[in-house]
Structure formats: C-alpha cells, structure tokens
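Dear colleague,

I am passing on the structure that we talked about, and my notes on it follow below. Please read them with the model open beside you.

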Amino acid sequence: DRIVARAQQAGGLRPDVVADDLPVILEQVAAIRPGIFGDEVRTAELRQRYLALILDGLRAQSAQLPGTPPTAEELGRRWIPRGKRD
C-alpha cells in the first residue's frame with residue numbers, strides 16, 4: 001500500500017490503482033512459462049514485452065480504469081478449487 005501511495009504521490013502511478021491490483025498483474029506475467037511459447041529465451045522476451053505493456057498502462061496519464069479493483073475475498077478465492085467455492 002505504501003509503495004502504491006508513494007508512486008501516486010510522485011505522479012507516476014494512475015490514481016485508480018490499488019495494491020490489490022498488483023498480485024493479479026504479476027500472476028498474468030508469470031503465466032508466460034517455458035513450453036507454452038517456446039524456450040526460456042522466448043519466454044523471457046515475452047515476459048518483458050507484456051510487463052512493459054502493463055507498466056505503460058499503469059502510468060498516471062492513462063484513461064480511467066473500468067470497474068473496481070478486486071476485493072480481498074476475490075483475491076483469495078482464486079486459490080480455492082472450483083468445486084469447493086461457495
């Protein structure tokens with residue numbers, strides 16, 4: 001939370017981003033794994049490409065984000081198998 005607040009105060013991070021947005025973003029980049037798109041070199045290339053794209057979207061000059069950020073409950077739910085969710 002403090003890192004997000006500092007980045008927003010410095011004018012580098014869009015004001016509608018919250019710390020709970022970050023785990024999902026990092027999981028998306030980590031989902032690019034060797035064997036899916038090729039070897040380790042290609043995987044690293046693609047991770048860098050999509051991380052740069054995501055970071056550009058987090059800049060303060062970007063348009064307003066649609067919707068609301070995930071809740072703590074929603075973030076926790078992604079680790080529970082589908083059949084065991086409420």
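Helices here are DSSP runs of H or I with at least four residues, and strands are runs of E with at least two, numbered from the N terminus. Leu-22 lies in helix 2. This is a predicted model, in which local features need pLDDT of at least 70 and side-chain atom pairs count only at pLDDT 80 or more, while totals for chains, interfaces and linings use all residues. Residues are numbered from 1 along each chain as its sequence is written, and side-chain values use heavy atoms, with hydrogens and water left out.

Leu-22 is partly exposed, with a relative accessible area of 31% (buried means under 20%, exposed over 50%, and partly exposed in between, with a 1.4 Å probe and protein chains only). From Leu-22 to Glu-40 there are 18 residues in sequence and 24 Å in space, C-alpha to C-alpha.

Helix 3, residues 40-58, has 19 residues and reaches 27 Å from its first C-alpha to its last, close to the 27 Å expected, where the expected span is 1.5 Å times one less than the number of residues. Within helix 3, Thr-43, Leu-46 and Leu-58 are buried. They lie on the same side of helix 3 because they cover an arc of only 115 degrees around the axis, the arc being that of the directions from the helix axis to the C-beta atoms. The face turned away from that buried side carries the exposed residues Val-41, Gln-48, Arg-49 and Leu-53. Helix 2 (22-30) is included in what covers the buried residues of helix 3, contact meaning heavy atoms within 4.5 Å. At the start of helix 3, a side-chain oxygen of Asp-39 comes to within 3.2 Å of the backbone nitrogen of Val-41.

Leaving aside residues up to four places away in sequence, Ser-62 touches Arg-14, Asp-56 and Gly-57. The C-alpha atoms of Ser-62 and Arg-14 are separated by 6.8 Å, although these residues are 48 apart along the chain.

Methods
Polar contact = N/O pair within 3.5 Å; in protein donor to acceptor, adjacent residues only side chain to side chain.
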